[in-house]
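Biologist: Let us go through the labels on this model. I will ask for the criterion behind each one.

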Amino acid sequence: MKKIIVVKVGGSTFNSSDTTLHDLVKLQKTGWSLVVVHGGGDVVSRWLGKMNIVTPFVGGLRVTDKASL
């Protein structure tokens, strides 16, 4: 059975001391197949703002409500 892992990363994940990319390469070299998904939170917030949709956040996390979808 092939080993697959899905990793969701956000723009805030990457900074000068971040090891995310190195860690992903290491996983791939050990036999994992990776699917990397970028959250795109900043883009989502901008588009919702352009459509005058208030973005609800709880505990720092976006709540995707019906209007946001």
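Modeller: Start with a criterion: a charge sits over a ring if NZ of Lys or CZ of Arg is within 6 Å of the ring centre and within 35 degrees of the ring normal. The charged end of Lys 50 sits over the ring of Trp 47, 4.9 Å from its centre.
This is a predicted model, where local features need pLDDT of at least 70, side-chain atom pairs count only at pLDDT 80 or more, and totals for chains, interfaces and linings use all residues. Residues are numbered from 1 along each chain as its sequence is written, and side-chain values use heavy atoms, with hydrogens and water left out.

Biologist: How many helices and strands does the chain have?

Modeller: The chain has 2 helices and 4 strands. Both kinds are DSSP runs, numbered from the N terminus: helices are H or I with at least four residues, strands are E with at least two. From the N terminus on, the order is β-α-β-α-β-β.

Biologist: Why is Val 6 called exposed?

Modeller: Exposed means over 50% relative accessible area, buried under 20%, and partly exposed in between, with a 1.4 Å probe and protein chains only. Val 6 has 57% relative accessibility, so Val 6 counts as exposed. Val 6 is found in strand S1.

Biologist: And why is Val 44 called partly exposed?

Modeller: Val 44 has 34% relative accessibility, so the partly exposed label applies. Its place is in helix H2. Val 44 and Ser 68 are 24 residues apart in sequence, and 8.9 Å apart in space, C-alpha to C-alpha.

Biologist: What share of the chain is buried?

Modeller: Buried residues make up 13% of the 69 residues.

Biologist: What makes the nonpolar surface patch?

Modeller: Ile 4, Val 6, Val 35 and Val 37 make a patch of about 340 Å². Patch residues have over 30% relative accessible area and no salt bridge; nonpolar side chains (Val, Leu, Ile, Met, Phe, Trp, Tyr) are joined within 5 Å, like charges within 9 Å. A salt bridge is a side-chain nitrogen of Lys or Arg within 4 Å of a carboxyl oxygen of Asp or Glu. Strand S1 (4–9) and strand S2 (33–38) each supply at least two residues of the patch.

Conventions: Accessible areas come from the Shrake-Rupley method with a 1.4 Å probe; for residues, only the protein chains shown count as cover.
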